[in-house]
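Please look over the sequence and the structure shown below before reading on. The notes that follow are meant for someone meeting this structure for the first time, and they are grouped by topic.

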Amino acid sequence: MAGAFRKEVVRSITHSLGRFLAIAIIAALGCGFYAGLRLTGPDMRLAGDTYYDATNLCDLRVVSSLGFTDDQIDEISQVEGVSGFMPAYESDVIAQIDGVQYTTRIHSLNVDKARASECDDGLNVESEDPNYINRPILVEGSWPESNDECLLSADTVWSTEVSVGDKVLLAEGASDLDDTFAVHEYTVSGFVRSSYYTCSTSVGSTSLGSGQLATFAYVPEGAFAEDFPYTEAFVTVAGAREVQWATDDYQLLVDATASRINGISDDLLASRLDGIRADAQAELDESRADFEAERADALQKLDDAQAELDDAKAKLDDAAAKLASSQATLDSSARDLASGQAQVDSGRAELEAQFAAAEEQFAAAEAQLDAAQASYDAAMSQRAQLVEQLAQAQAAGAYDVVAQLEAAIAQIDAQTAGVPEQIAQGRAQLAEQRSQAQASMDAAEGELASSQAAIDSGRAQLESGCRQLASGRSEYEDGLAQYEEGANELSTQRADAEEQFADAEAKLADAQADVDAIADTEGEVYVLDLTKNIGAESFKSDAGRIDQIAQVFPFLFFLVAALVSLTTMTRMVEEERVLIGTFKALGYSKARITSKYLIYAIVASGVGAIIGIVSLSKFLPWFIMGAYAIIYAVPCRPCPIDPAMTAAAAGLGVGITVIATWFAAASTLRERPAFLMLPRAPKAGKRILLERIRPVWRRLSFSWKVTSRNLFRYKRRFIMAIVGIAGCTALLLTGLGLQNAINDIIDKQYGELYHYNTIVRMASDSTDDEKSQVEQRVEEDASGEYAWLATANKQAQSISDDESADVSQHRVDIVVPENPDTLSDFNTLRTREGHEELALSDDGVLVSEKLAMELSLEVGSTFSIFDEDAVGDATGDGREVTVAGIMENYVGHYVYFTPTLYEQVMGEEPVFTTLYANEVEDEGAREVLSDELLATDGVKTVTYNDETIDSYRTMLKSVDSVVVVLVIAAALLAFVVLYNLTNINITERVREIATLKVLGFTPREVDAYIYRETLLLAVIGALVGLLLGIVMEGFVVVTAEVDQVMFGRDIHAASFIIAFLLTMVFSVIVTLAMRPKLRRIDMVESLKSNE
Amino acid sequence: MAFIEFRDVRKIYQMGEVEVAAVDGMSFTVEKGEFVVVVGPSGSGKTTLLNMLGGMDSCTSGTIMLDGREVSAFDEKELTYYRRYDIGFVFQFYNLVQNLTALENVELASQICTDPLDAAEVLAEVGLSHRIDNFPSQLSGGEQQRVAIARALAKNPKVLLADEPTGALDYKTGKAILKLLQDTCANTGKTVVLITHNSAFTDIADRVIHIREGKVAAVEQNAHPASAETIEW
């Protein structure tokens, strides 16, 4: 190239730096955003890959519903393609830390391996053991020293401040805590970051609590119960490390190994079942042996008892015989005695009769004696009287009488002489006789008495014999009774024992049947790759979302870049019209002349492109990953400059500029030199449509008229300005709208839809009593309003007539209010558009809007609900339900039933064990409430919506930085476009402006005259941009949405206003910046000839 | 007192190290209602004179008076209002706003004045009543210059300044324009200052100011100026 020409080219650059910069900057923006955004997705995947490789993240996770033992782990390790393997335990629990409950997945950690590993850079965990998989990065604290220490997640947003030394209490387990864990209370020894949990806000789903895991923890392997089997095996795939994660190659490699492991899943199950069966059989055999021994023992005892009884029986019988013989003896002696008695009695009777006869004789003799005595006595008494009369008569002297009396006395004496002796003799004789009789009597009597005595003693003997016999008999009776009792007892015992034996036999038989049935147990082995890892997968899909967004946004910048280049270069060519003519006249070829502008364009756009690409393909991925760091704990942000992407972006940017330049130059170059030397005829004024509306037009001032006409006069500029400014506004609106959309998730969900702040979940078998306890406690606080609901996690699936079509499946929360009429006090059910109230009815379910969208449901359509299995897949038969309404909802997928409908569809009664309540907001009171409620039997979890809100808010902060990027991009776009537009406007109309000045327009009036156009364009552009922004925001929102969440669908009025005003602010800044240039225009320009 | 008075006016441009005096001590007076022609060769300083008189530039030293006011002492703002109310400017290249019709171009000037003439009437006076709604591109050069004159007149200024008004026009049209300016001066009594390099125009002036190398070379007065139709060049 000729020196002079080259110099001219160089100078054209240095002398028009503004123009050069305009092209360079827009090229930088276009290419930079293109490359930067396009690279962000790949860079994110690279970051993931780097992180996963650095921490030796598993490629596959093999889970068995039956668990594993070392045997199965061995089998897995033998599979071709398995390069590393690590058996592990895991279990979901509700852990209580600082009084707050967290649904937590607890993993086992091989503490030795962990301690042997090294991590200096917070990323690469070095370990010599390839079987040390999912290596956590210790962020704070130390590895556990003992089995009662644990590690918590460093990236979880805790409701309270959790630090090393805090206690973690396992409150509730998905499986029995005692069966699973040897230790139930842990001390936090440190905090780790785990690549297994890339996403700190979505850890996974569980059967506990709300169904969502809040965090994870690591405990030493020894903290798990001794005979708890491995729940899973982590596997790395040979060669997968060398391939980038989330690529097709990677997936192919992993899939191959996964299918090989799947191929042995039956073996794994069989061997595991064999193991389980052998264990169970051994246990059963042992218990059978125990049983047999026990039975023999029992039988022996029974037999012994029987023998004893028999013995007793024999003795009793013996005794009975003895008793009988004694009785006989006694009877005969009794008979003897009786006859003896009879003899005695008859002897006595005889004796008495003899005695009586003798007595009679004696009595007669006595009587004779007595009579003789009596007559003697009478004679004596007469004599005594006569003696007295004699004494009286002697005293009286009557001697006659005395003699008489003496005579009588003598007579008496005579008569009585001898009588007393006779009597005494008789009496002695009688006494003699009587004593003789008496003696013989006495002798007989003595004989009788001794017989009687003999009899009596015999009788006494008999009696004692009888008594003895009686006591012997009663003893015997007792013995017999005892014996019978014993016999009864024994037979009962025996019967009982038999029964027990039968029971035990039955149980053993059952147990045996169970053991035999183990062979038929439906086990399932799941081989899960990283697409099933919720963290890695959502990181990957977010990278994919960025890819999608990257398809759209750079287009806007390129469009603007093309327009800016076109107008700028057109202006340049026009400005240099005379020069072009001169070159032409001098004989330079068209191509040569064109080359000047092409070189200019290439240099300008090239420089811009390189700077833009290099800086933005470093900055944008770095920045966006930084924004995502709030959600994704990926500790590295690689952003290499990609040569292919650089070339593509630069090629596109430069290409567009070159095409625009060629287009701008071509028409001018076609003109003949002579024409080129002449000033170009000014573009003719034209009437515009507005003029036809006379009343309006007449009212416009000249500035407005000229502005209006100018707007339509230069179409390229008009389009450039509109597209550029619209793009700016659209970007702003997109950013702000995105912010609205995301903040609305919380504001609407928890502000407008949910009117409760506390959820109490109870065990499904809670009693009414326990429930009423909870009610009472809940009523004590604040409003005391509450409602019971049944809740469950299920899988919802779309129904498609077309069998080949992919069915869409989502995890849903089933909600069945006990009292559907009062549900609206706690949860507003309404349509999003129009806010129409929706009522629960037995005709069909209400589904949340996002679910309806995902399953393509509308009112009246049907879908199926399945139960979910251990890894969250649908299982069992689907139950078809009809959609009665689609309700506004932002977080989660919900299906609302009435109790009747639920029972009808599910075939079981709903169990109302979830309670929504409105409780105090004071944190201290809440802690008390939590503690008290949790102390109530049956209460499993108490959660507060505020905790959820907080964690969302944190997560959503990432959006703010995206908004910042968009605002900056928008501002840059606005500046470049407006600067360019204004610059062209000014330079092209220098004469006009100078003329106005000469005419006496004040600087302000001149500004207004020129800027009215710029600002009007800004207004039109901004209005167009608002429309464009609605579309763009809609696209971004739908693209950026994650499965379980629906973003707000409304852009707030404030956002429209802010986007519009910001655009205006940018425009005003540009106009203010350009004002000096306007001021500098010399009025003398007006005198110059038209160029 | 003279209507316009230049007293020892200098305008010195700093061209790098060198000071160049474009106007180097110029003094002259113009009476109200005169048709003045300022004539001089290229580079003589007549454009600088025009700039200073038109309020587009200020002088380095000296005094410029117009209608009793010291224009040379005006600040930017006063100069703007001076241009606005006191000066009507006619350009060599008409400097019409392409996007405004003839009428609108006139109104563009009159709308900013306090006491403007009716735009349509002024256009009729310059003989363009039939082209009132045409855009500049639809008008011939002469017609455009007439619009420009109408625009200057509509402001009802004290002085009409014309810078080579015929420079871009053919001979015949140029003459017509000169005639228009002369008539305007005669009919409206406005002071008209016409700047040209063409000495043929001196015949039609009431007063001719000859400029040479930044100085007034001579001032002559015609007691009986010729009509514009009669002169030839």
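In this predicted model, strand E1 (residues 60–68) of chain A is joined by five bridges to strand E11 (residues 525–529) of chain A, and the two run antiparallel. Strand E1(A) is also joined by five bridges to strand E10 (residues 230–237) of chain A, again in an antiparallel arrangement.

- On the side of E10(A), the bridge partner of A:Arg61 is A:Phe234.
- Seven of the nine residues of E1(A) are buried, so this strand is largely enclosed by the rest of the structure.
- In a regular strand, the side chains alternate between the two faces of the sheet.

**Helix H1**

- Helix H1 of chain A covers residues 3–14, which makes twelve residues, and its reach from the first C-alpha to the last is 16 Å, close to the 16 Å expected at 1.5 Å a residue.
- Is this helix buried or in the open? Of the twelve residues of H1(A), the number that are buried is zero, so the helix lies largely in the open.

**Chain A as a whole**

- The secondary structure of chain A consists of 26 helices and 20 strands.
- With a radius of gyration of 63 Å, well over the 31 Å that the globule rule gives for 1091 residues, chain A is more spread out than a compact globule.
- The C-alpha trace of chain A, followed along its principal axes, spans about 245 × 80 × 55 Å.
- Of the 1091 residues in chain A, 38% count as buried.
- Among the contacts in chain A that link residues at least 6 apart in sequence, 85% join residues that are at least 24 apart.

**Where chain A touches chain B**

- How many residues of chain A are in contact with chain B? There are 26 residues of chain A in contact with 28 residues of chain B.
- On the side of chain A that touches chain B, the elements giving two or more residues are helix H17 (702–713) and helix H24 (990–998) of chain A.
- H17(A) provides the largest share of that side of chain A, namely six residues.
- By residue type, the side of chain A that touches chain B divides into ten nonpolar, nine polar and seven charged residues.

Definitions and conventions: Residues numbered from 1 in each chain as written. Chains lettered and ligands numbered in written order. Predicted model: local features only at pLDDT ≥ 70, side-chain atom pairs only at ≥ 80, totals over all residues. Helix = DSSP H or I, 4+ residues; strand = E, 2+ residues; numbered from the N terminus. Expected span 1.5 Å × (residues − 1). Buried ≥ 20, exposed ≤ 12 C-beta atoms within 10 Å, placed from the backbone. Pairing = 2+ DSSP bridges. Contact = placed C-beta atoms within 7 Å. Nonpolar A, V, L, I, M, F, W, Y, C, P; charged D, E, K, R; others polar. Rg over C-alpha atoms; globule rule 2.2 N^0.38 Å.
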